[in-house]
Amino acid sequence: MTESSALSSALLTDRYELTMLDAALLDGTYDRECVFEAFTRHLPGGRRYGILAGTGRLLELIDRFRFGDDELAYLRDNRVVRQETLDWLADYRFSGTIRGYREGEVYFPGSPFLIVDAPFAEGVILETLILSVFNYDSAVASAAARMVTAANGRPIAEMGSRRASERSAVSAARAAYVAGFSATSNLEAGRTWGVPTMGTAAHAFTLLHDTEEDAFRAQVSAMGPGTTLLVDTFDVETAIETAVRVAGPELGAIRLDSGDLPKLVRQVRDQLDRLGATSTRITVTNDLDEFTIAALSSSPVDSYGVGTSVVTGSGSPASGMVYKLVAHRDRDGDGEWVAVAKKSDGKPSIGGRKHPVRRLDASGRAVAEVVHIVEAGDTPDDTGRDLLVPLITDGELHREHLGPEGTRRAREHRETAMRELPDQAFRLGRGDPVLPTIFA
């Protein structure tokens, strides 16, 4: 594999994207102007809102969606498409326009969070890439946002890399940060996306040494007394006494990774205070999700670390998002736009170009998601907050969405968007979406 092939995202797709392209090139419909949109039909797990994440990642992947020699050779050797299609793919660069929600935006069923204007061939082959990014990243962000709410201002670190594939781990760390997590254990997420990283030691470091005290002394010597010591390898009470003796009352924090946490945390807090370590923080990391975090709300926990639950979307690892063709030019008539829609039982779509708006009341609280069906270039006469922003215009990326800076902007926007939601949005129990989606 060449270096350019390693950087290409072109084969991160399903075969039928390219076979559709092949057939469209053959019958001449490949360059028909089209509108595609991405949306979700429902929120998973009976949740009341979703958080959109993945936009910055997607734009970089689209920029790298190029068919180099290695990709073309694979398609040729496996007879995926005809030679004429290979020739077209060799020159492929997305030249269309994409608008969508800001990353970090709250989303609801039916409303298009991404709209792609492009010739059929250019738009259709992005379907799998778009959905694979948004379905996973938004599942993580939506779960993470609920955990942030349950934590009620206490910081949460993402530490689920060992519970996901190596690429998903980086994506999950970024999505959790967009949703309000404070840090990640994943170094690649730190390097690529600017997510703050954290981490000290695992049980293996304690077991490496002849005694727990030796392990604590080694860690404090290397990292200073402000470090976090893991105290549940053997006996928690003995470990805390040893930890304070080794690091002194300025010990930064202790970590609990097992046990009956509500009861144990109170016992640990009392013991730390008796030993004079009144400023030593308590962090817990034992199979947490939004519900266990909420159950610890009255306990003296200072911070949380979440692994499996956040990288798996807390039981909903995909967001149910779909990508549909909703309009195209009429080539046989006068070039007017024609709305098209899927009518399948249980999976219908609504045709036509759309413009989503979040309607707010006088106090600035969101009351409805209003989706206007509009003609090309029209802007609806609505006093609500426009949800669409430019992401790619005529093939050129809007670079403010990219990299660490784009990730920081997405995190800030998520906080702003959630402040608009009514209070019932933050209930953890199953329920209907907190805002209705209205088609106008």
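The structure is a predicted model. The chain contains 16 helices and 19 strands, and its C-alpha trace spans about 85 × 55 × 35 Å along the principal axes. Of the 440 residues in the chain, 53% are buried. Among contacts between residues at least 6 apart in sequence, 74% join residues at least 24 apart.

In soluble globular proteins, nonpolar side chains tend to be buried together. The largest nonpolar core in the model has 59 residues, of which Leu256 and Val284 touch the most other members. Helix H7, residues 127-151, supplies the largest share of this core, with 10 residues. Another core, of 54 residues, lies apart from the largest one; its members include Leu25, Phe67, Tyr101 and Leu131. When residues up to four places away in sequence are not counted, Leu256 touches Val231, Asp232, Val236, Leu261, Leu264, Val265, Val268, Ile282, Thr283, Val284, Thr285 and Asn286.

Val236, Leu264 and Val268, which are among the residues touched by Leu256, also take part in the packing of helix H12 against helix H13. The axes of H12 (residues 236-247) and H13 (residues 261-274) come within 11 Å and cross at roughly 30°. An angle under 35 degrees counts as roughly parallel. The crossing of H12 and H13 is right-handed. On the H12 side the contact is formed by Val236, Glu237, Ile240, Glu241 and Val244, and on the H13 side by Leu264, Val268, Gln271 and Leu272. Sorted by class, the contact of H12 with H13 comprises six nonpolar, one polar and two charged residues.

H7 contributes Tyr136, Asp137, Val140, Ala141 and Ala144 to the contact, while H8 contributes Ser168, Ser171, Ala172, Ala175 and Ala176. The classes represented between H7 and H8 are seven nonpolar, two polar and one charged residues.

A further pair is formed by helix H4 (residues 69-77) and helix H5 (residues 83-90), whose axes come within 11 Å and cross at roughly 165°. H4 and H5 are therefore roughly antiparallel to each other. H4 passes H5 in a right-handed crossing. Leu72, Leu75 and Arg76 of H4 meet Gln83, Leu86, Leu89 and Ala90 of H5. By class, five nonpolar, one polar and one charged residues make up the contact of H4 with H5.

Thr407 lies in helix H16, residues 403-419. With a relative accessible area of 0%, Thr407 is buried, since residues under 20% are counted as such. Neighbours within four places in sequence aside, Thr407 is in contact with Arg174, Tyr177, Val178 and Trp193. Although Thr407 and Gly54 are 353 residues apart in sequence, their C-alpha atoms are 9.3 Å apart in space.

Methods
Residues are numbered from 1 along each chain as its sequence is written. This is a predicted model: local features need pLDDT of at least 70, side-chain atom pairs count only at pLDDT 80 or more; totals for chains, interfaces and linings use all residues. Side-chain values use heavy atoms; hydrogens and water are left out. Axes are lines fitted to C-alpha atoms, for helices over the stretch in contact, and angles run from 0 to 180 degrees between N-to-C directions. Helices (H or I, at least four residues) and strands (E, at least two) are DSSP runs, numbered from the N terminus. Angles under 35 degrees count as roughly parallel, over 145 as roughly antiparallel, 65 to 115 as roughly perpendicular and the rest as oblique. A crossing is left-handed if the near helix is turned anticlockwise from the far one by less than a right angle, and right-handed if clockwise. Contact means heavy atoms within 4.5 Å. Ala, Val, Leu, Ile, Met, Phe, Trp, Tyr, Cys and Pro count as nonpolar, Asp, Glu, Lys and Arg as charged, and the others, Gly among them, as polar. A nonpolar core is a set of buried Ala, Val, Leu, Ile, Met, Phe, Trp, Tyr and Cys residues joined through side-chain atoms within 4.5 Å. Buried means under 20% relative accessible area, exposed over 50%, partly exposed in between (1.4 Å probe, protein chains only).
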